[in-house]
Amino acid sequence: MISNFIRGFIDGALSTLGVVIGASSGNASIIIAAGTGGAVANGISNILGAYTASRADRYREMGEIERAMGHRSLRHSVLADKINSETTKRGIIDGIATILGGMMPVTPYIIGINPSTALFVSAGITLSLMFALGLYMGKVSKESLILSGTKLLVLGAVTAGFVYLLQNVVMA
Amino acid sequence: MKIRRLVLDVLKPHEPTVIEYADKITELEGIDGLTINVMEIDNKTQNVEISIEGSDVPFSRIRDVIESLGGAVHSVDQVSAGDYIVKPTGKEMRLI
């Protein structure tokens with residue numbers, strides 16, 4: 001379940017940071033509307049996406065067990081109940097984490113920070129959270145904390161830089 | 001007829017575990033104790049021997065519990081019934 005939270009949070013934070021950067025030439029209310037709308041839509045989409053993908057994967061595994069059991073149906077067994085409950089939880093956690101992560105880049109605009117500096121605060125918050133998530137992932141997987149944190153920080157920075165270039169160079 | 005002892009050959013997926021099987025089966029009335037031995041482990045399944053003793057072992061309800069957990073009773077390998085458990089002769093079939 002924690003993997004769904006991390007995946008959703010990264011997805012929400014980075015995709016909304018992209019929306020915020022893309023809309024940064026507009027006024028604060030447009031950025032808030034675009035960012036929040038994007039985060040919520042992405043979250044709802046990820047609830048369904050994570051649920052469907054996880055369910056399909058678990059049902060494929062159950063099909064393999066059914067074949068090993070001599071084609072005995074497990075659709076009404078505890079295993080099927082477990083799969084349904086687990087995949088629903090995964091979908092909800094993924095979606096909520098997406099919305100939560102997605103709200104981070106919009107927060108500086110919501111709390112009324114000056115729009116000229118809000119973009120940098122937004123990028124700073126998002127990249128700091130990416131680094132913190134990287135540290136946590138490093139701790140869980142017993143890897144180097146700094147290396148793991150830096151990996152996610154670079155991933156976030158590259159994404160932000162790419163969108164910034166797209167907005168200010170290609171689309172200018 | 002009151003069944004006092006029952007030995008079942010059961011094929012089950014790895015999940016739920018034998019501990020969950022033991023937990024659910026011992027919730028039934030008429031059972032004093034059980035032992036589950038894992039006889040064979042395959043890639044996706046386990047073959048287990050479930051030995052159950054009690055004052056009135058409810059076979060059909062045990063089978064329902066096993067099936068609800070995704071297992072299948074392959075065979076009843078031993079049954080003891082009556083006022084006391086008669087000791088086996090030692091000539092019973094050995095499954096390899």
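**Exercise 1. Describe the fold content and overall dimensions of chain B.**

Solution. Chain B contains two helices and four strands, where helices (H or I, at least four residues) and strands (E, at least two) are DSSP runs numbered from the N terminus. Read from the N terminus on, the elements of chain B follow the order β-α-β-β-α-β. The radius of gyration of chain B, taken over C-alpha atoms, is 13 Å, close to the 12 Å that the globule rule gives for 96 residues, so chain B is as compact as a globular protein of that length. The globule rule is 2.2 Å times the number of residues to the power 0.38. Along the principal axes, the C-alpha atoms of chain B fill a box of roughly 40 × 30 × 15 Å.

The model is predicted: local features need pLDDT of at least 70, side-chain atom pairs count only at pLDDT 80 or more, and totals for chains, interfaces and linings use all residues. Residues are numbered from 1 along each chain as its sequence is written, chains are lettered from A and ligands numbered from 1 in the order in which they are written, and side-chain values use heavy atoms, with hydrogens and water left out.

**Exercise 2. Determine how helices α1 and α2 of chain A pack.**

Solution. Helix α1 (residues 2-22) and helix α2 (residues 28-68) of chain A pack at an angle of about 150°, with their axes 9 Å apart. Axes are lines fitted to C-alpha atoms, for helices over the stretch in contact, and angles run from 0 to 180 degrees between N-to-C directions. The two helices, α1(A) and α2(A), are therefore roughly antiparallel (an angle over 145 degrees). By class, their contact (heavy atoms within 4.5 Å) has six nonpolar, seven polar and two charged residues.

**Exercise 3. Carry out the analysis for helices α5 and α6 of chain A.**

Solution. Helix α5 (residues 115-140) and helix α6 (residues 145-170) of chain A pack at about 150°, with axes 7 Å apart. Consequently, α5(A) and α6(A) are roughly antiparallel to each other. The contact includes A:Leu119, A:Leu127 and A:Met130 of α5(A), together with A:Leu145, A:Ile146 and A:Tyr164 of α6(A). Its residues divide into 14 nonpolar, six polar and one charged.

**Exercise 4. Is A:Ser122 buried or exposed, and which residues does it touch?**

Solution. A:Ser122 lies in helix α5 of chain A. At 0% relative accessibility, A:Ser122 counts as buried (under 20% relative accessible area, 1.4 Å probe, protein chains only). Not counting residues up to four places away in sequence, A:Ser122 touches A:Leu17, A:Val20, A:Pro105, A:Pro108 and A:Tyr109.

Key:
Angles under 35 degrees count as roughly parallel, over 145 as roughly antiparallel, 65 to 115 as roughly perpendicular and the rest as oblique. Ala, Val, Leu, Ile, Met, Phe, Trp, Tyr, Cys and Pro count as nonpolar, Asp, Glu, Lys and Arg as charged, and the others, Gly among them, as polar. Buried means under 20% relative accessible area, exposed over 50%, partly exposed in between (1.4 Å probe, protein chains only).
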